[in-house]
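I opened this notebook to record what I looked up in the model, one topic to an entry. My first wish was to see how the chains meet, and after that to go through some local points.

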Amino acid sequence: MEGCGEDGQVKLLGVTRSPFVARVRMALALKGIHYEFIEEDISIQNKSELLLQSNPVHKKIPVLIHNGKPVCESIIIVQYIEEEWDSKAPFLMPRDPYDRAVARFWAAFIDDNVFPSIVRAFRGQGEEQHKAGEESVENLLLLEEVLRSTGKAYFGGDGIGLVDIALGALLVLIQTVEKVTNIVLMDTQKSPLLSAWADQFCKADKVKNALPDRAELFVYLSARRAELTSPPPRN
Amino acid sequence: METCAEEVQVKLLGGRSSPFVLRVRIALALKGIHYEDIEETMNPKSELLLKSNPVHKKIPVLVHNGKPICESMIIVQYIDETWDTRAPFLMPKDPYDRAIARFWAAFIDDKLLPCIRAVFTGQGEQCQKAVEETVANFLILEKALRTNLCFLGKAYFGGDGIGFVDIALGGMLAFVNALEKATDSVLIDAEKMPLLSAWMDRFCEADGVKEVMPDPVKLVEFICATRVKFASLPAAN
C-alpha cells in the first residue's frame with residue numbers, strides 16, 4: 001500500500017512474524033492509515049542502514065517512520081498513532097485519566113510479565129520451563145479477572161483498545177509456543193472469558209489481517225527450539 | 001493554601017529510600033499538589049499496599065479519591081493528565097515529542113535501571129561489570145543530550161522546564177550518587193558526561209526538587225546496610 005497522501009508518508013519497518021510489529025499493523029489498520037511495509041532482515045549482520053539509522057539505540061523492529069521521523073517501541077508507537085491521528089476513530093485509549101492509567105498498567109504488565117513468562121517457557125527446559133508455564137497461566141488469569149470485573153467484550157470496553165492490541169498481538173505467539181513446546185501457557189478452562197475474547201479478537205475486522213504470520217512463526221520457533229534443545233557440539 | 005476539587009484525597013504510599021517513590025514526590029511537588037504521605041515499611045507489607053497493588057505489591061502507589069494508581073511513570077502521567085491545567089506541563093504537547101519522551105523514559109526503566117540494580121545487589125566482579133554497563137547506558141543519554149534535536153541546547157530533557165524524562169532520570173539521582181559512594185565507583189562521570197553532569201546539578205537545585213530529595217547520608221547508610229545483607233545471602237543459581 002502506498003504510504004503517502006493525507007496521512008503523510010508512513011513507513012513501517014518490521015517482519016511479518018513479529019507480534020510487536022503486529023501491534024503496530026493492527027493500530028494502523030484500525031485507524032485506516034495507509035503505509036509502506038518494509039520487510040527487514042533482522043539478523044545481526046544484515047540489519048539495514050535504514051533500521052540502524054532509525055533505531056540506533058536498540059536496533060530493533062518495529063520502527064514507524066512518519067514523514068521521515070522515526071518512532072520506536074511498539075506500545076509507544078501505538079500511543080503515537082492514537083495521538084497523531086486523534087480525530088480518527090476508533091479511539092484506542094480511554095478519555096478519563098484514571099482509565100488511561102489502568103490501560104497503561106495492563107499494557108506494561110503484558111510487556112513486563114506476560115511476555116517474559118512466554119519467553120522463559122519457550123527457552124526453558126524441565127523444571128524451569130514448567131514453572132514458566134504456570135506463571136504464564138497465572139498472569140493470564142489476572143487478565144481474565146479484568147474482563148470478569150468489567151463485563152465488557154474487550155479490554156478497551158465495547159471496542160478494541162490499547163490493552164487488546166498489546167495482548168492480542170501475542171496470541172499467535174502463545175499458541176505457537178504451546179504447539180512447539182507442548183506447554184500450556186493459556187488455560188482455556190480456567191480463563192473462559194479470555195478464551196472467548198481471544199477468538200473474537202483474532203476474527204475482528206482489520207485486525208485479522210494484521211496478526212503475525214502463523215506459519216512463518218511456527219517454522220521460525222521450531223528451528224529456534226531445536227537449536228536450544230540440541231546438545232552442544234563437542235570440541 | 002487553597003485546595004481544588006481534584007485534590008480532595010491524594011495519598012502517596014511510599015518510602016524514604018525508593019527512587020521510584022521520589023519520582024512521584026517530585027511530580028506532586030512541581031504541580032503543588034498536597035497529599036498524605038504514608039510510609040510503607042515493606043516488611044511486612046501493609047494491608048493498604050496489598051489491597052492497592054495486589055498485582056505487584058510494590059511502592060509507589062498513588063491513591064486518588066480511593067482509587068489506586070501503580071507504576072511510577074504511569075503515576076506521573078496520571079498526575080499530568082489529571083491536573084492538566086496546572087503548570088508545569090510534564091509531557092510535551094506534540095505527539096512526536098511525546099513519543100520521544102516515552103522512548104527515553106522506557107530506556108531509563110528497561111536498560112539503565114536493571115544495570116543500576118545490578119550494581120546495588122552485586123558484589124566483586126559482578127558489581128564491576130554492572131558498573132561498566134551502567135556507565136555505557138549513561139553515555140547513551142549523554143549522546144542523546146548532545147545530538148537529539150528535541151534536547152539540543154535545552155536546560156532539561158523537557159525543554160526549558162522539567163519534564164517527563166527529567167523526572168524519570170532525576171528521581172534516580174540521589175540513589176545513584178549514594179550508590180557511587182557506597183560502592184566506591186563512578187557512574188556519572190563529569191569528564192565523559194559533561195551535559196549529563198550539568199543537567200544533574202541543575203535538576204537537583206531546581207525548585208520543587210531540592211525540597212523533596214532524601215537525606216544523602218541516610219541513603220548511603222541504607223545502601224551499605226542492604227548490600228551487606230545481599231552479600232550474606234547464598235549465591236543465586
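The entries below go from the contact between the chains to single residues.

**Entry 1: the model.** I note at the outset that this is a predicted model, and I read every value below as computed from it.

**Entry 2: where chain A meets chain B.** I looked up the extent of the contact and found that 24 residues of chain A touch 25 residues of chain B. The two chains bury about 2,200 Å² between them, and 68% of that area is on carbon and sulfur atoms. I then asked which three residues supply more of the area that chain A buries against chain B than any other three. They are A:Tyr98, A:Arg104 and A:Phe105, which together supply 28% of it.

**Entry 3: polar links across the contact.** I counted 4 salt bridges between chain A and chain B, and I found 7 residue pairs in polar contact between them, with both residues at pLDDT 80 or more. For one salt bridge I wrote down the partners, A:Arg100 and B:Glu81, whose closest N and O atoms are 2.8 Å apart.

**Entry 4: which elements of chain A face chain B.** I found that β4 (69-72), α3 (74-84) and α4 (97-123) of chain A each supply at least two residues of the side that touches chain B. Of the elements, α4(A) gives the most to this side, with 10 residues. When I sorted the residues of this side of chain A by kind, they divided into 14 nonpolar, 4 polar and 6 charged.

**Entry 5: α4(A) against α9(A).** I followed α4(A) to another partner, helix α9 (residues 214-229) of chain A, and found that the two pack at an angle of about 60 degrees with their axes 9 Å apart. Because of that angle, α4(A) counts as oblique to α9(A). The residues that meet are A:Ala121, A:Phe122 and A:Arg123 from α4(A), and A:Leu221, A:Arg224, A:Arg225 and A:Leu228 from α9(A). I sorted the residues of this contact too, and they came out as 4 nonpolar, no polar and 3 charged.

**Entry 6: A:Lys11.** I located A:Lys11 in strand β1 of chain A. Leaving aside neighbours within four places in sequence, I found A:Lys11 in contact with A:Glu36, A:Ile38, A:Val63, A:Leu64 and A:Ile65. I also looked up the separation of the C-alpha atoms of A:Lys11 and A:Val177, which is 29 Å for two residues 166 apart along the chain.

**Entry 7: backbone points in chain B.** I found a cis peptide bond between B:Ile59 and B:Pro60, with omega about 0 degrees, and B:Pro60 sits in the loop between α2 (47-52) and β3 (61-64) of chain B. The peptide bond from B:Ala87 to B:Pro88 is also cis, with omega near -5 degrees, and I placed B:Pro88 in the loop between α3 (72-82) and α4 (95-121) of chain B. Lastly I noted that B:Glu71, although not a glycine, has a positive phi of about 80 degrees, and that B:Glu71 lies in the loop between β4 (67-70) and α3 of chain B.

Terms used:
Residues are numbered from 1 along each chain as its sequence is written. Chains are lettered from A and ligands numbered from 1 in the order in which they are written. This is a predicted model: local features need pLDDT of at least 70, side-chain atom pairs count only at pLDDT 80 or more; totals for chains, interfaces and linings use all residues. Side-chain values use heavy atoms; hydrogens and water are left out. Contact means heavy atoms within 4.5 Å. Buried area is the accessible area (1.4 Å probe) that two parts lose on being put together, summed over both. A salt bridge is a side-chain nitrogen of Lys or Arg within 4 Å of a carboxyl oxygen of Asp or Glu. A polar contact is a pair of N or O atoms within 3.5 Å; within protein, one must be able to donate a hydrogen and the other to accept it, and residues adjacent in sequence count only if both atoms are side-chain atoms. Helices (H or I, at least four residues) and strands (E, at least two) are DSSP runs, numbered from the N terminus. Ala, Val, Leu, Ile, Met, Phe, Trp, Tyr, Cys and Pro count as nonpolar, Asp, Glu, Lys and Arg as charged, and the others, Gly among them, as polar. Axes are lines fitted to C-alpha atoms, for helices over the stretch in contact, and angles run from 0 to 180 degrees between N-to-C directions. Angles under 35 degrees count as roughly parallel, over 145 as roughly antiparallel, 65 to 115 as roughly perpendicular and the rest as oblique.
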